Amino acid sequence: MTIVYEDRGDDATSEVPVNRIKFTINGQKMIAEVEPRLLLSHLIRRGLGLTGTHMGCDTTNCGACTVLVDGRPVKSCTMLAVQADGHSIETVEGLSGQSELHPLQEGFKQEHGLQCGFCTPGMMMTAKALLAENPSPTEEEVRWALSGNLCRCTGYQNIVKSVLWAADKLRSQG
Amino acid sequence: MYPSRFRYEAPRSIGEALSLLGEGGDEAKVLAGGQSLVPLMKLRFASPELIVDINNIPGLDYHREDADGSIRIGALCRHADLERSALLKSKQPVMAAAAPLIADPIVRNRGTLVGSLCHADPQGDWASVVTALGGHVVARGPGGTRAIPMADFVTGPFQNALAPDELAVETVIPAPNGTPSGGYLKLERRVGDFATVGVAVALQTSGGTVTSAGIALTGVGGSTISADEAAAALVGNALAAETIAQAADLAAAAARPRTDHRGSAEYKRHMVRTFVLRILSRSDGEATHAANGGAERAA
């Protein structure tokens, strides 16, 4: 991965700190050299080219940038990339197989769980962690789990239905 | 948004962290959950030269009950761990009530209780809870370990009593001297917003009489407010309607709210009173309903 720095011609430029990290992204082992102030969201989007992780508010409010770190949903705009060292990251790109949609993706399609689609990757990653912990959530539990992910289009009704649809499908698959 | 440039260190022991902090002095900052610090750095409200990330230090992610009944929460115990804690549900109803109301579910996966106390945001929820419970923060420094009572820990908005070369390693909630009950209620415009009003009530009762009490208020002053007179009105009494009303009035009188976009001062003061009434009316001498206290998220 290449990072290009602005040459300010000062000492600071020649002393840009760089840390080498090892991590796993969607099952693939990676090495990256990152400046400590690089955010995880930028490592994912720019360094790895995985633009399915969206940057919405950039202020820890909206949850669009949610990825799983060791299985737990985290707002990737609020974690330093260097902190991914030794950890396993999962993004929306890791959901589907080569030809098959993940039940969550299928659920969002079946139940019209998106309009503009901007919040969708974050919604699905949060939902994935929920269903791993609680395969049979109630509507209330889905709403509670998704309460850190904002959607400005749908009013959430169909998002909740989509997650419940996916829960059914996952259970039926055993 | 990017933070300004800093050096990053991720020590693997407390000793290593302390020497890094000593080296960095005022320019060093400890990174635990980062859910307040990273946003502040991105906004350039904070520009530390050295970040000491303590996440790789083993053995700090605990919360446990000691033999004497006190509860210890390590510096890397996340809000989500406390939210899921069977220990808190059975032993510490005020904390169990507050944990699900901190920020939002995703932030709770990273953020820590100890970090939240150190951040010393006047709107922080845990500061009120730990104040009401009479807890303290344990700091480790080059000179050894010291316990800082919560009442002395926050020295001003976003300022704490730690020396630059000290690390807050845990928070301790003292053992109850009766049956613990109480709760935490929070009024917020939406999930993840700061509290418009937050009220923590921690009680210990024995045979229907309150043996000790703490009441603390979030969001209605320049810092966390310990409503000592309100708490004192409960001690030695049964939770009769009259006693409860008196404590609620005294708590409302202790609030120093300001009118802002979240509501008028009058409204916030009224909500302090209402929340104290609500929590105490459920704490019928025993802890039975108290754990549900915080689940009622007012909108």
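How many Å separate the centres of domain 2 of chain B and domain 3 of chain B, taken over C-alpha atoms? The answer is 19 Å. That figure comes from a predicted model, as does everything that follows. We return to chain B below. Chain A comes next.

Chain A has 174 residues, and buried residues make up 44% of them. Its C-alpha atoms fill a box of roughly 60 × 30 × 25 Å along the principal axes. The chain holds six helices and five strands. Follow the sequence and the order of elements is α-β-β-α-β-β-β-α-α-α-α. Now take the contacts in chain A with a separation of 6 or more. Of these, 60% come from residues 24 or more positions apart.

How is chain A divided? Domain 1 covers 11-94, and domain 2 covers 103-173. Their C-alpha centres lie 23 Å apart. The two domains touch through 16 residues of domain 1 of chain A and 13 residues of domain 2 of chain A. On the domain 1 side, β3 and β4 of chain A are the elements that give two or more residues. β3(A) gives the most, with three residues. By class, this side of domain 1 of chain A has seven nonpolar, eight polar and one charged residues.

Stay with chain A and look at helix α2, residues 40-47. Which of its residues are buried? They are A:L40, A:S41, A:H42, A:L43 and A:I44. The cover over the buried residues of α2(A) includes β2 (28-34) and β3 (66-69) of chain A. After α2(A) comes A:G49, whose phi is positive, near 70°.

Next, a pair of helices in chain A. Helix α3 spans residues 103-110 and helix α6 spans residues 157-173. Their axes come within 8 Å and cross at roughly 135°. The two helices, α3(A) and α6(A), are therefore oblique to each other. Their crossing is right-handed. From α3(A), the contact uses A:P103, A:L104, A:E106, A:G107, A:F108 and A:Q110. From α6(A), it uses A:S162, A:V163, A:W165, A:A166, A:K169 and A:L170. Sorted by class, the residues of this contact are seven nonpolar, three polar and two charged.

Now to where the chains meet. How many residues does each chain bring to the contact? Chain A brings 24 residues and chain B brings 22 residues. Strand β4 of chain A, residues 72-75, supplies the largest share of the chain A side, four residues. That side of chain A has nine nonpolar, eleven polar and four charged residues.

Cross over to chain B. The domain assignment gives domain 1 (7-53), domain 2 (63-173) and domain 3 (179-295). Return to the pair from the opening, domain 2 and domain 3 of chain B, with centres separated by 19 Å. Their contact takes 26 residues from domain 2 of chain B and 30 residues from domain 3 of chain B. On the domain 2 side, α5 (93-98) and α8 (125-132) of chain B each supply at least two residues. The largest share, six residues, comes from α8(B). By class, this side of domain 2 of chain B has 17 nonpolar, six polar and three charged residues.

Helix α11 spans residues 241-254 and helix α12 spans residues 265-282. Their axes come within 8 Å and cross at roughly 150°. Why is this pair called roughly antiparallel? Angles over 145 degrees count as roughly antiparallel, and that makes α11(B) roughly antiparallel to α12(B). The crossing of α11(B) and α12(B) is right-handed. α11(B) makes the contact with B:I244, B:A247, B:A248, B:D249, B:A251 and B:A252. α12(B) makes it with B:R269, B:V272, B:R273, B:V276, B:L277, B:L280 and B:S281. The contact of α11(B) with α12(B) has nine nonpolar, one polar and three charged residues.

Technical notes
Residues numbered from 1 in each chain as written. Chains lettered and ligands numbered in written order. Predicted model: local features only at pLDDT ≥ 70, side-chain atom pairs only at ≥ 80, totals over all residues. Contact = placed C-beta atoms within 7 Å. Nonpolar A, V, L, I, M, F, W, Y, C, P; charged D, E, K, R; others polar. Axes fitted to C-alpha atoms, helices over the stretch in contact; angles between N-to-C directions. Parallel < 35°, antiparallel > 145°, perpendicular 65-115°, else oblique. Left-handed = near helix turned anticlockwise from the far one by under 90°. Domains from an automatic or database assignment. Buried ≥ 20, exposed ≤ 12 C-beta atoms within 10 Å, placed from the backbone.
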